[in-house]
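Reader: Please take a close look at one part of this model for me. I would like the loops and the helices around them, in plain terms.

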Amino acid sequence: MLNVDEISDYRDLLKDYYVQRKLEFPLYSYKMMGQKLGLETSQMFRVLSKEYHLPTQSVPLAKDLLKLKGRSGELFELLVAAAKAKSPAKKDKLYKMALSLKDVKMRKLNTNELLFLSKWWIPVVRAVLEMNGGNAEISKLAKQVRPAVSTEQIEEALRVLKELNLITPLASNRYAVTQANFTSSGAARVTAIRSYQNQLLALAQDSIVNVAPESRNISSLLVGVDEEGFEDLKNMTMEFRRQVQKRVEEVQKPKKAMQFVFALYPVADVGDGK
């Protein structure tokens, strides 16, 4: 199915939903989909054919049908409003607002990501290289990474980063740093990511003792929620993560590499009380 971040016309998402449902259930029809959105069969056909727009009362029903919440739901609403806008200026403004909500593009890595994620300092070396303007003096890099790592570990990091094309050699001891965001899938990759996250949590714990409070920010919050509240907190966490990525993109000359660790986990569950 299409991702709401990948479209400019909201009706493409509805059309894709219809096609997917039709493949799964051949008897699925315009009438059945229209009933979910409060539309007549002919109206549903015209919406999917891009001859007609969703009426206002159908927009929240469409969000429920497509399971769009939080940022994705807001993005869908903006795309609907932009498509229906009569004024070119208003249409342009709404599309710009929608663009600002779209997620940061992620680069998919090959299987070498397993090695990339197995050592916490490898991504850090990439970040430090970028801050150094591509300068890869190994002894200097070893001193800049915190906690300290060996020159052998720096050499390993450079080799892995080159294999993944996350850095490109320019001249002696200099590299161009390429895009760093990525996503992954598959059981082996999930295991690697879990291992990486465990390393980051251990580093966070170490920083409580070894990093001055003014150079870090670690806090905790215990809250009581229901299922809906829990889903909202997950969406809020993802939205904050997205906003961090967008803010970091604006930094012209980074001086520090900071690691965020997002942790939302249960410590008690009373269920339905039975």
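Author: Helices here are DSSP runs of H or I with at least four residues, and strands are runs of E with at least two, numbered from the N terminus. The model is predicted.

Start with proline 147. Proline 147 sits in the loop between α9 (138–144) and α10 (151–163). A cis peptide bond joins arginine 146 to proline 147, with omega at about -10°.

Move on to asparagine 165. This residue is in the loop between α10 and β2 (167–171).

Lysine 50 lies in the loop between α3 (41–48) and α4. Its relative accessible area is 38%. Buried would need under 20% and exposed over 50%, so lysine 50 counts as partly exposed.

Now follow α4 (residues 59–66). Helix α4 packs against helix α2 (residues 30–37) at an angle of about 115°. Their axes are 8 Å apart. From α2, the contact uses Met33, Lys36 and Leu37. From α4, it uses Leu61, Ala62 and Leu65. Five of these contact residues are nonpolar, none is polar and one is charged.

Last comes helix α5 (residues 70–84). It has 15 residues, so at 1.5 Å a residue it should span 21 Å. The C-alpha atoms at its ends are 22 Å apart, which agrees. Its buried residues include Leu75, Phe76, Leu78, Leu79 and Val80. Arg71 of α5 is buried too.

Key
Residues numbered from 1 in each chain as written. Predicted model: local features only at pLDDT ≥ 70, side-chain atom pairs only at ≥ 80, totals over all residues. Heavy atoms only, no water. Expected span 1.5 Å × (residues − 1). Buried < 20%, exposed > 50% of the residue type's maximum accessible area, 1.4 Å probe, protein only. Axes fitted to C-alpha atoms, helices over the stretch in contact; angles between N-to-C directions. Contact = heavy atoms within 4.5 Å. Nonpolar A, V, L, I, M, F, W, Y, C, P; charged D, E, K, R; others polar.
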